[in-house]
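This briefing goes through the fold elements and their packing in the structure shown here. It is meant to be read alongside the coordinates.

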Amino acid sequence: MSRPAAGRRGGDARLGVNPITCRAHGLCAELLPELIGLDEWGYPILAASPVPPQLLEMARDAVAACPTLALRLSGAR
Amino acid sequence: MVRVPRATPHQVMAAAGQARPADPDSPYRLLAGWVDTGRPADLAAHQRRHGPLPVPAYPGRAGPHRLIGVVDRSGLRGRGGAGFPTGRKLTAVAAGRRRPIVLANGCEGEPASRKDHVLLSVAPHLVLDGAILAAYAVGAEEAVVCLHAQDPLADTLRAAIAARSGDPVPLRVAEVPDRYVASEASALVNFLNTGDPRPTAKPPRPFERGVRGRPTLVDNVETLAHLAMVARYGPEWFRRLGGPDSPGTTLVTVTGAVRLPGVYEVPLGTSIGQVLELAGGAAEELQAVLVGGYGGSWLPLPSGGGIRLTHADLQAAGASLGVAALVVLPARGCGLAETARVLRYLAGESAAQCGPCMFGLPAIAADLTAVVEGAAGRRGGAVLDRLGGRLEVIRGRGACAHPDGAVRLASSALRVFGTDVRRHLSGRPCPWAAGGPRLPVPGDAAPGAR
């Protein structure tokens, strides 16, 4: 609650995926290629590093676009 | 029937946390009764040896918390594969707002392991004591012993539960489908909640939200048996055997090319070579040992024989203790062919929920099979490159650790059997590749399968 500043900078925002609900639609990798790649079967491989602030908005778009709501962003405010 | 007086001297000592086992320095702790008598311990025999349930040693509102402290100081780590500190898990479950549930995991889905079966057969009340004590420690309303459906042990345990009286928490048996991943902690919780025996995504982890939404402690039955001893004899006694990072004894399942395959109890820190000697020594010339079960790692023999069974030593050697199963591969066996077979089995045991597991494991199994069959020339190199790439990207991407174990096994095979990889790829497969399986998988009608 007391760390909105860090959230705005994106310092501790991380992408995660629910591997069970993910159906390899691949929209996330289209929308955020800087942080998300796809394996040979079409499933996302996420960058282990935090989401940098300049990509936070696009990360939110990718999360919102996931048809199965499998992609999530944690630690962002 | 032997009547147990209300306050034996034993119980009084237990109240001080100072009860002493018959022989405090014996390497036999969990199996002491079996080693002495050759008979499974019924309730009377169990209580003659260990005294009554030591709940009175942890009285009052602070008692459960004190018991957790004792387990924490013992350094006991889980015996179900992950090796997580038991005291920390108890603390996490007890910290939840709702009343927890305890699951004693006796499913033993790992084909290379037989130790839980042996323990539940010869010392069921030690496990039940552990489940009750864990439930007491975290304030649980119920303890459930999870076993495979159709396992005759279910009747053994139901009879053992019926023989007990005065337990502060109700005990029952739940029968779980006999699948490799069905005994993963979140799969047990999912099965008890919905009837679906497949793992679920984390978070939430079972300690946060498990059976009926309650914080759920899932501990391996051997872990709970050790806990029952720690609660009686104290953390200092527990640490008299084993090492600082891996205290106590452990049950080890030894199979493969040894003269006396079976389940043994050894102090942690015993070397792999010493364990193999205990199991009668080499039945023929040896080549390698698979440590930790089918999701474990190969180590070469004889050089790996000096490695000690502790979490730290095995980690330094690129392996992990897992469920402390050792499968010994003779020189007249093909480690690659064995690994490819096990990978095909593990691929078939995927719950088929997570893409990297449901597509990745069959792909790895197929690549390994191609290597074994000697994919010739440049195509062989391409197969190896592709396999290497696949082994890089799968780890950590499933809801459970099943794909990680399969990747660990395949990676270690490429490392330990590197010479064989080159031979197979150059069209000179070893003569043993076509031989009978040395590592049995369920469904095999192989001789020597247990």
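The model is predicted. Chain B is divided into domain 1 (9-238), domain 2 (249-330) and domain 3 (335-425). An open four-stranded sheet in chain B has parallel pairing, and helix H7 (residues 124-138) of chain B lies across S1, S2, S3 and S4 of that chain.

**Domains of chain B**

- Between the C-alpha centres of domain 1 of chain B and domain 2 of chain B there are 25 Å.
- Each side supplies residues to the contact: 19 residues come from domain 1 of chain B and 19 residues from domain 2 of chain B.
- On the side of domain 1 of chain B that touches domain 2 of chain B, helix H6 (residues 115-122) of chain B gives the most, with three residues.
- That side of domain 1 of chain B, where it touches domain 2 of chain B, consists by class of eight nonpolar, four polar and seven charged residues.

**The parallel sheet of chain B**

- The strand order in the open sheet of chain B is S3-S2-S1-S4.
- Strand S3 (171-176) and strand S4 (216-220) of chain B are at the edges and have a single partner strand each, so one side of each lacks a neighbour in the sheet.
- On average, and with direction ignored, neighbouring strands of this sheet are turned by 25° against each other.
- Four bridges join strand S1 (residues 101-105) of chain B to strand S2 (residues 143-148) of chain B in the parallel sense.
- In this pairing, B:Ala104 stands opposite B:Val145 in S2(B).

**Helices on the sheet**

**Helix H7 of chain B and its helix contacts**

- Which angle do H7(B) and helix H10 (residues 221-238) of chain B make where they pack? The angle is about 75°, with the axes 7 Å apart.
- H7(B) and H10(B) are therefore roughly perpendicular to each other.
- On the H7(B) side the contact with H10(B) is made by B:Leu126, B:Val127, B:Asp129, B:Gly130, B:Ala131, B:Leu133 and B:Ala134.
- On the H10(B) side the contributors are B:Val221, B:Leu224, B:Ala225, B:Leu227, B:Ala228 and B:Ala231.
- The residues of the contact of H7(B) with H10(B) are 11 nonpolar, one polar and one charged.
- The axes of H7(B) and helix H5 (residues 86-94) of chain B come within 9 Å and cross at roughly 50°.
- H5(B) and H7(B) are therefore oblique to each other.
- B:Leu90, B:Val93 and B:Ala94 of H5(B) meet B:Ala134, B:Ala137 and B:Val138 of H7(B) in this contact.
- The contact of H5(B) with H7(B) has six nonpolar residues, with no polar and no charged ones.
- B:Ala134 is listed in the contact with H5(B) and in the contact with H10(B).

**Chain A**

- Chain A has three helices and four strands, which run α-β-α-β-β-α-β from the N terminus on.
- Of its 77 residues, 27% count as buried.
- Among contacts in chain A between residues at least 6 apart in sequence, 61% link residues at least 24 apart.

Notes: Residues numbered from 1 in each chain as written. Chains lettered and ligands numbered in written order. Predicted model: local features only at pLDDT ≥ 70, side-chain atom pairs only at ≥ 80, totals over all residues. Pairing = 2+ DSSP bridges. Helix = DSSP H or I, 4+ residues; strand = E, 2+ residues; numbered from the N terminus. Axes fitted to C-alpha atoms, helices over the stretch in contact; angles between N-to-C directions. Contact = placed C-beta atoms within 7 Å. Buried ≥ 20, exposed ≤ 12 C-beta atoms within 10 Å, placed from the backbone. Parallel < 35°, antiparallel > 145°, perpendicular 65-115°, else oblique. Nonpolar A, V, L, I, M, F, W, Y, C, P; charged D, E, K, R; others polar. Domains from an automatic or database assignment.
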